[in-house]
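Please read the following note alongside the sequence and the structure. The points are numbered so that each may be checked in turn.

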Amino acid sequence: MRILWGTPYNVKSAIARYSRMVTRALVADGHTVEILRLEDKTALDHDILDHNLPVHPPYTFDFARLRHDYDVCVINYGDYFPFHAGALDLAAATPAVAVFHDANLEGFLGGARQIHPKLDALLNRWPPPGLTLPEKCTLPKQDLSFFAALASGCVVHGSHYVDDVVATCPGPTVQMPLCYPDVGAVPPAPDGSGAFIVTCFGMINPNKQPERILRALAVDPKLRTHGRMHFVGAIDEGYRTRLAALAADLGLAAPEFTGWVDDAHLCASLAQAHLVCCLRHPMTEGHSASIITALYAARPIVVNDVGSYAEIPDGLVHKIEAGDAPAPLAAVMAEIARDPQAAEAAAAGAAAWARVRYSAASYVGGLIPLLEAAITCRPGLEAGRGMARHLTNLGVTFDDSATGLPRKFLACAGRPLMPPMSE
């Protein structure tokens, strides 16, 4: 296959690292792959990942090439708009396979509305008459279902948002675990202070529940005295000030804030950690590069028992109920402080499990059949788009009965949900 892979491709993007891993595996399997960068002009200031594939800069790519030069196009959607600004242009140019890395694209939509003034008019008419979205999913429905309807096939990385995508994607949908580069096991390396170190890493924001973590450290008098909080990753200055003030109010030592770090510094930080917190509330991600990195590193981990985190086998990580209550997390901290050897043994088992589940070989094995199926859908989807454009040029409105014809073409081109690749 000749594949155009739309993605951010800078060193600060986890999706960029995922893309490099997957595209290298596709090339090793005999396919031809070119990268189309999706970042906006501000994100292009970040260093590009090292690569050995053709990489096209954004905003200069000739979309007229899509039909003849590539068998299939792939768009990686994430919720951070500066890294995915070009996604909507590519989606409008061709029916592409959509990889949804997040279960909620409200942040992406907020940025997209600024540069695509007609987007609001489309979203105000979504979902179209006769389309009923599933009720059991509690996540916002408008964003995922809309972009799934533009796709020739979809990939999701968790069961908690697959229903919205299946309901509207006219092509095949596959659910399979995310893959991510293996950082290798990180042997414990205490800092020598005797402190109990808790680490939260990645983009530090309220969704990762740093305030819940600080409050949990303050529950137990010993942890309040000996606990140390390390926040490793980029953080808004105002939020950093807020967290530091909360720690002081709780009687905790001042948290350590590192800002963004490279892989070597991240591994050094993980080596010091007695516990890595990979919490999400609400669970807006599809899966998480941070949890996979922590699993590879063989560090004790605590997660909320929701979404793709719930799919991790019991006993490999510590699972707590979602919400803001500090008590369940405080209990995990106390357990690990009491028996660190048991926590380290569980972490070693988690690393072995992760290296199979999140491998590139497993991922590409599920992706290739999806791409092949999406290619067969493409002619019908292009026909439906062409008919819709002609009707629009004739002044036919969205609610006119004539618009049912292209929708029927889309339905005929569709395929059922492919078997989950989560086992």
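Which Tyr and Phe residues form one aromatic cluster?

1. The model is a predicted one. The aromatic cluster in question is formed by Tyr 77, Phe 81, Phe 100, Phe 108, Phe 146 and Phe 147.

2. The count of aromatic pairs comes to 13. One of the pairs joins Tyr 80 and Phe 83, with 4.8 Å from centre to centre and 85° between the planes, an edge-to-face arrangement. Tyr 80 is partly exposed, at 44% relative accessibility, whereas Phe 83 is buried, at 10%. A second example is the pair Phe 231 and Phe 257, which counts as stacked because the planes stand at 20° and the ring centres lie 5.3 Å apart.

3. Phe 231 belongs to strand β9 (residues 227-232) and Phe 257 to strand β10 (residues 256-257), so the pair ties together parts that are 26 residues apart in sequence. Phe 231 is buried, with a relative accessible area of 1%. Phe 257 also counts as buried, because its relative accessibility is 15% and the limit for this class is under 20%.

4. The next point concerns the sheet. Strands of a sheet pair through backbone hydrogen bonds, and the pairing is either parallel or antiparallel. Here 7 strands form an open sheet with parallel pairing, in the order β3-β2-β1-β4-β5-β6-β7. Its edge strands, each pairing on one side only, are β3 (55-56) and β7 (173-175). Helix α1 (residues 14-28) packs on this sheet and touches β1 (2-7), β2 (32-37), β4 (72-77) and β5 (96-100). The direction of α1 makes about 170° with that of β1.

5. Strand β6 (residues 151-156) runs parallel to β7, and 3 bridges join the two. The bridge partner of Val 156 in β7 is Gln 175.

6. Two residues other than glycine have a positive phi. In Tyr 59 the value is near 70°; this residue lies in the loop between β3 and α2 (66-69) and is partly exposed, with a relative accessible area of 48%. In Ala 298 phi is about 60°; Ala 298 is found in the loop between α13 and β12 (301-304) and is buried, at 13%.

7. Tyr 59 also has Lys 41 over the face of its ring, at 5.9 Å from the ring centre. Likewise, Lys 12 lies over the face of Trp 260, at 5.2 Å from the ring centre.

8. Finally, the peptide bond between His 281 and Pro 282 is cis, with omega about 0°. Pro 282 is in the loop between β11 (275-278) and α13 (289-296).

Notes. Residues are numbered from 1 along each chain as its sequence is written. This is a predicted model: local features need pLDDT of at least 70, side-chain atom pairs count only at pLDDT 80 or more; totals for chains, interfaces and linings use all residues. Side-chain values use heavy atoms; hydrogens and water are left out. Two strands pair if DSSP finds at least two bridges between them. Helices (H or I, at least four residues) and strands (E, at least two) are DSSP runs, numbered from the N terminus. Contact means heavy atoms within 4.5 Å. Axes are lines fitted to C-alpha atoms, for helices over the stretch in contact, and angles run from 0 to 180 degrees between N-to-C directions. Buried means under 20% relative accessible area, exposed over 50%, partly exposed in between (1.4 Å probe, protein chains only). Rings of Phe, Tyr and Trp (its six-membered ring) pair if their centres lie within 6.5 Å; planes under 30 degrees apart count as stacked, over 60 as edge-to-face and the rest as tilted. A charge sits over a ring if NZ of Lys or CZ of Arg is within 6 Å of the ring centre and within 35 degrees of the ring normal.
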